[in-house]
Every structure is written in structure tokens, then in C-alpha cells.
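Have a look at the picture first, then read on.

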Amino acid sequence: MLGNLLVSTLMSASVYAMLAVGFSLTFGVARIINLAHTAFYMVASYIIFTATMKMGLPLYVGVVAAVSLVVLLAMVTYKVLVDPMREHETTVLILTIGVALVLQELMFLWFGGYFRSVPTAVEGFTTLLGVRVSYQYVLTICVLIVTLALVWLLLMKTRLGLAIRATAQDREIANVMGMSDSRTATITVGIAAALAAIAGAIVAPLFIIEPRIWLSPLTVVLAISVLGGLGSLKGSILGAVIIALSENLVVFLVPQGAFFKGAFSLLIMIVVLLIRPEGLYGVAFEEER
Amino acid sequence: MRRYLAYLWREFRGEILVLPGRTILFSATAILLILPLLYPHPYLLRILALTFIFAIFAASWDLLSGFVGQLNLGHAIFFGVAAYASAILNLRLGLPIIITIPVGAVAAVVAGLVVGIPCLRLKGQYLSLATLAFPVILMGLVFMFTEFTGGELGVSGLTRLAPTRLHEYYISAFVGVLSILAIWKITDSKLGLVLHAIREDEVAARASGINTSQYKLIAFCLSGLFAGIAGGLYAHFMRIAGPQSLSMLTSFQAIIWTIFGGIATIYGAVVGVFVLFPMLEVLRVAPEIRLLLYAAIIVLVLRFMPEGLAPWVVDRLERECPRCKEHNAFTRRECRVCGTPLRVPLQKTPVSGEHMSGGEGLSASQEGG
């Protein structure tokens, strides 16, 4: 029981963390609420489905293709649609919803509304704490931890990371110091999309693929990044753990809790916001703007 | 009597015919009110009645999010609360429509307080994302108490809005026109000025002696009231109140319509609904790519008209007098009020508009720093 709870919490926490870190990065640097973020995750799953099931390529080719195509898609979308509109905050919001809807409908058009699935990367399972844990779970968690560590290193140890952090802190000053904010933002959107694509690639064998799978993680990702503080990576990871734990607790403890898990995690988000209006690690962005 | 008519005509010519934007709006309203009498096709009436109902909904979102700047991503909560309240009162207690819709609207006002009070502490993006949570939470409750709310299927079998389609259409149209006019008047009044001030600079508004918390709550309640009217009408028109009315897409619809039409204008929200909602029906000719075309059109239009459709059209048809700021038809050579020549190149071009907003950002950062 406890082991079960622990494993499934770890599992969903790492997926949520991947998505929320990307979302939070986009918000911190490009200052846009990208409601199409989880749509990229959905597109990545479909690319892997096409590569493995339709074209019969090995899984790792599919993953590489998914990540590079989704990054390209995100950067082009940002450059063409969002970047020229940055002054109009609400318009950008609608543009991202529009992009998400376009992607959803394209997937409906090409693949239909059927439930699809992808073969797992590794077979078999092991027993941990008295719980059957399949190797796919272990692989998922490892990949996610490694990816998050790489992102952390990129942000903290490289010049690009320095530029990203500087732009997140103050876009105008960073621009004055010679970092093109538009280029930094485009690269950041690319990194965020790569994170979403990896999350999609890793999760694809575990869940069903369907054009509407972007909607329900979207609320959760929004809740996590607000809970942890918009634009904060530490906050996103902590938020992901809190939300994943609360969701799994509700599902395990309350009868028919699965209906209520989304609502419960959002309730927690509101309670946290009432105590700390800028989230756990939030910076008050309004002041510096 | 003749004198009075002459006075009315003079007012009509001086206030409405003088500006192309108002002329278009007036003739569109007149056509919408007369056309159904000449051509009462049930399908057309159904679409137009729903358009009016959603126009109230979009305008109420514009009142809260456009005018007060409290970007609400969960507007469906007002719609859903009112729909469920009207439906349950109508079915369980057998109350007539004349009671259920107002009570539903009052329930939405209460929902406005419930959402508004915690949101007083939140600002900007945090507020938008927190408001997104409320309808989802309520949806969870709906699925928990299925014997009361009907769960997935919702509460169905309500009394019809009126015995015939034509009556239903006219009820929705009149309530719609009245509510939209009321919202427009509110934004034009002193209250509207205060709300506008809160959007532009909340700290400055508070420094000028405005109780911003109180006014923000008033805005939440007013917006809830009108969205609630729309929700009640919708429930009785469709004869069902289901969880669909609380979904994220319902909230996003209001946002899409309003921003497409032009945010913070009220008329823009209405124009957005009247363009996009019937368009979605017309697109039924190509069912597979219907939503795709819809989303693509929205994205493309917004890419080239970032302020929205209605302000873009008005900018083309009307010019602002550089001296007295009155609007003039684009055909006039001089201002109709003060006689200033209009053809001098002092016009607001898109380039100078960008400079202006950039300047605002800079001054705000200086204040903050």
C-alpha cells in the first residue's frame, strides 16, 4: 500500500515536473502563458507512434525524431506567431490556445480519435518494497531525473544558461547588455518544447494516446507552476511532488477519488496561494516590469 | 408629436448616422430584430438565439477581464453555477422560468464573491491561473454528488424558455440587447471609470482614495450576474444543465470570442460572438476540418489584427480628432465638433502605437526599480 503510493507518486511527480519546468521556463523568460505547452507533448507521442507502429522504426529513432521535430515546431511557432505579438498579452494567450486547437484537430484528421498505444522500451519488472515495478517505470524515472539534471547544469553552468537567467530576471537590462531577448526567448521555448517532447516520449508507452490528452495535464501543469511560483524551477519540481502526492493520496484513500483528484490538487493550489500569493518560490514579477 | 419625431430624427442623425461604426451596429441590431419575423427558420432562430446568449456571456467576461484587468480564465463557473441552479430549482421545486433565471443569476453573484474574495490577494498571471481552478473544483463536486447533479448526464428535461422558437428567440434577443446595453452603460459610467483606473494602475488608484478591493469585488459580482443570466437562459434554452457548461473549453470560448472581437470594448466581445459562433455553424459544411479551420482563422486574424477585429475595423472607418479626441467618419475633412482639419498626418499609425506601449513599459519599470 505504502510502496504502491510511493512508486506511483514518484512516477507522476517526475512527469509533471518535466512538463512544469518547461512551462515555467517559458513563462520566466518569454513571459508568455503557453497554453499549447502540453499540446507539444501530445504531438511528440503521435510522432513516436508514427515512427514505431506505422513505419516500423526502432523506438530511439522515434524519440529523436519526436524531440527534434517538436522543438522545430515550437520555435517556428514562437518566431512567426508569438514574438511579433508580445506587447499584446491577452492576444498571445488566445494565439497559444489556437495553436493547441490546430494541433489537436490535425491529429484528429491524420490519426482519428482512436485510442493508440506504443510498445514499451523494455520488458519485465522487478519487485521493490513489495510492489511490482515494471522496468519501463524505472527507465522513465531515471530518464526524467537525468534530463532535469542536464537542464539544471545548462542553466547554471553555461553562458547560454546565464543569458536565459539574466533575461528572466530583467528583459530590458539583458537586452541592453547585448543579449538578444528575442533569440534567448526562442531558444528557451525550444528547450521547453524538448522537455515536453521527452515527457511525451517517455509516457507514450504507459498511457493511451489520443488527440485530447493535452487538456487534463494542462490544468495540472498550470496548478504546479503557480503553486511553486511562476518562473521558478525549484518551485516547479517541489510543486510537482506536492501535487502528485496529493493526487495519489486522494485516489488511494477516498472511494471514487479518481473523479476528484484534479479538483483536489487545484484546491491545494488555492490554499497555498491564499497563504503565499506568489507561490512557494515565486518572485514578484509585477514589481520589476 | 411631429416636433418630437423631428427631435428624434435629429438625435438619430447626429449620434448614430454620423459615425460608420455606430451605423453598422445599429443596422445590424435592427436586422437581427426584424429578420426572424420575415424568415422564421427554426435552425436560424436557434443559432441566433444562442448567439445572443453567448454575447451576454462574452460581454460579461470583457467587463471583468477587459475593463478591470482581472484576467479570469475560469469564467465558466458563473455560467455553470447559474445553469445548475436554474435547472435544479426548475426540476426539483417546479418553479417557473421567471423565478429560476433571476435566482440562478443571484447564485452566480454569490459565486462571484466566492471566487473574488480569495482572488483579492492575487495579481496578474497568478490570478488568471487561480481562477482557472474554480470551475474544475466545482466539476469535481458535480461528479461526487451524482444523485443531486446527475453527474455526467447533467440535469435535463427543463421547462422550455417559451412555447415556440420565435418567442424563445425574442426573449433571448431582448434580454441580450438589454444586458449588453447595461454592461456598456456600466463601463461608461463613473463606476466604469474607477474600474478602468484599477486596470491601468492599481497602486495609483488606491493612492487616490479608491477602495480597490471593494470595487474589484463589485466587478466580480456584476460580471457574475450577467454571466449568470446567460447561464440560466442557456439552461432553459437547451433544456439541460450538464458538466459541459463548467468545462475549460466554455471558459476559453468566452476568451476567444472577446479577444477576437477586441478586448476592453464590450462591443468587440459582441462582434466576436456574432462573427465566430455562426461561423462555426457555417463550417459544418466541412465537418472533418471544422475546428481546424476555426482555430486557424482565429490565429491568422489575430496575427494581423492584434487588437482584435472590431477595433481594427473602427480604426479604418473612423478618425480621432487630434484636438478634441472626438471620433469622425473617415470621409470627413474636418472635425465635426471643433472644425480642426483631419487630413494632416497626425494620425495614430501602428508604428506610433508600438512606441507608445513600449514607452509605458519603460516608465513602469522605472517606477518599479
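This is a predicted model: local features need pLDDT of at least 70, side-chain atom pairs count only at pLDDT 80 or more; totals for chains, interfaces and linings use all residues.

How many residues does the contact take from chain B and from chain A? The contact takes 41 residues from chain A and 40 from chain B, where two residues are in contact if their C-beta atoms, placed from the backbone, lie within 7 Å. On the side of chain B that touches chain A, H6(B) gives the largest share, with 13 residues. Helices here are DSSP runs (H or I, at least four residues), as strands are (E, at least two), numbered from the N terminus.

Here is that side of chain B by class. Ala, Val, Leu, Ile, Met, Phe, Trp, Tyr, Cys and Pro count as nonpolar, Asp, Glu, Lys and Arg as charged, and the others, Gly among them, as polar.

| Class | Count |
|---|---|
| Nonpolar | 29 residues |
| Polar | 6 residues |

Residues are numbered from 1 along each chain as its sequence is written, while chains are lettered from A and ligands numbered from 1 in the order in which they are written.

Chain B has a mean of 87, with 93% of its residues at 70 or more. Confidence in chain B is highest in H11(B), at 94, and lowest in H16(B), at a mean of 42. The model scores ipTM 0.82 and pTM 0.86.

Terms used:
pLDDT is the predictor's confidence in each residue, from 0 to 100.
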